[in-house]
Amino acid sequence: MKILAIADIHGNFSHLEDIKDKAGEIDVVVISGDITNFGPSSQVDNLKGIFDVPVFAVPGNCDKRDILEVLDNSEIVNLHKNTEKIGEFTFVGIGGSSPTPFNTPFELEEQEIEDALEPMFNACEGDCKDCKSTIVLVSHAPPKGLLDSISGDNVGSVSVAKFIDRSKLVICAHIHEARGFARSGDTFLVNPGMAAEGYAALIELEQDNVSVSFIEA
């Protein structure tokens, strides 16, 4: 499966056509939050018609909470607190972020993040024998300690970190300075970077392998 990972659009959709062209043939687009820059949520309409494959999205902390209703009424799959399956892979989503010092529109307490993710993972694990190899966690917030460093401080979510060893792949965002790739055991983690600056990532996903190439448009 080929995944085009996009994040942190922040209302600047100008690079998406170039990103799409550079990605080539893909199976699904995953947007890991901050589609807008504090609204309006109607900017989701700017995504219409760009991609001809399924698009999954979670909101980011800079998206207003009414973006959930807008996503629900669009052609995009709202992955926040939801799961969606394509072929052998199940995508599990959590949007927003853990609390920040900035009181942004879409923040969740750590317990709410954990309470949302736990039943979804349990359901996935009840449906398959080797489910870890088929679960993709899409979270705007990175896990604590991975792809979450700002000036030497780790600012990721403690709750998201509890689920990375139950996933094959984690696609996150939020920390613009942490664009890149990481690995924890046999779990792969990707922050595609700011689409607002023309960055994205192409992920080739198989049960026994993950490869990542970064896009600059």
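I begin with Q43, which is found in the loop between β2 and β3; strands (E, at least two residues) and helices (H or I, at least four) are DSSP runs numbered from the N terminus. The model is a predicted one, in which local features need pLDDT of at least 70 and side-chain atom pairs count only at pLDDT 80 or more, while totals for chains, interfaces and linings use all residues. Residues are numbered from 1 along each chain as its sequence is written, and side-chain values use heavy atoms, with hydrogens and water left out.

Q43 has a relative accessibility of 19% and therefore counts as buried (under 20% relative accessible area with a 1.4 Å probe and protein chains only; exposed is over 50%, partly exposed in between). Setting aside neighbours within four places in sequence, Q43 is in contact, that is, with heavy atoms within 4.5 Å, with G11, F13, T36 and N37. The loop between β2 and β3 also holds P40. The peptide bond joining G39 and P40 is cis, with omega at about -5°.

I turn next to the sheet. In which order do the six strands of the open sheet stand? The order is β4-β3-β2-β1-β13-β14, and the pairing is mixed; two strands pair if DSSP finds at least two bridges between them. Strands of a sheet pair through backbone hydrogen bonds, either parallel or antiparallel. At the edges stand β4 and β14 (209–216), each with a single partner strand, so one side of each has no neighbour in the sheet.

Consider now the pairings on the β4 side of that order. Strand β1 (residues 2–6) runs parallel to β2, and four bridges join them. Within this pairing, I6 stands opposite I31 in β2. Strand β2 (residues 28–32) in turn runs parallel to β3, again through four bridges, and S32 has V58 as its bridge partner in β3. Between β3 and strand β4 (residues 77–78) there are two bridges, and these strands also run parallel; here A57 is partnered by N78 in β4. From β3 the chain crosses through helix α2 (residues 67–72) to β4, a β-α-β crossover that is right-handed: with the strands pointing away from the viewer, the path from the first strand over the helix to the second runs clockwise.

V58 counts as buried because its relative accessibility is 0%. Apart from neighbours within four places in sequence, the contacts of V58 include I31, S32 and G33, as well as L79 and H80, G93 to G95 by way of I94, and V138 and H140. Its C-alpha atom is separated by 13 Å from that of H10, which is 48 residues away along the chain.

Strand β5 (residues 83–86) and strand β6 (residues 89–94) run antiparallel and are joined by four bridges. One of the bridge pairs is I86 with F89. Two residues lie between the strands of this hairpin, and G87 in the turn has a positive phi of about 60°.

Two residues other than glycine also have positive phi values. L147, with phi near 55°, lies in the loop between β7 (135–139) and β8 (149–150); at 15% relative accessibility, L147 counts as buried. H174, with phi near 80°, is found in the loop between β10 (169–171) and β11 (180–184). Its relative accessibility is 18%, so H174 counts as buried.

A pocket is an open set of points on a 1 Å grid over the protein atoms alone where a 1.4 Å probe fits, with protein on both sides within 12 Å along at least five of seven lines; lining residues have an atom within 4 Å of a point. The largest pocket has a volume of about 390 Å³, the space filled by probe spheres set on grid points joined across faces, edges and corners. Its lining comprises 20 residues, and T100, F102, I150, H174 and I175 are the closest to its centre.

The second largest pocket holds about 210 Å³ of space. Of its 14 lining residues, L47, K48, G49, E75 and I76 are the closest to the centre.
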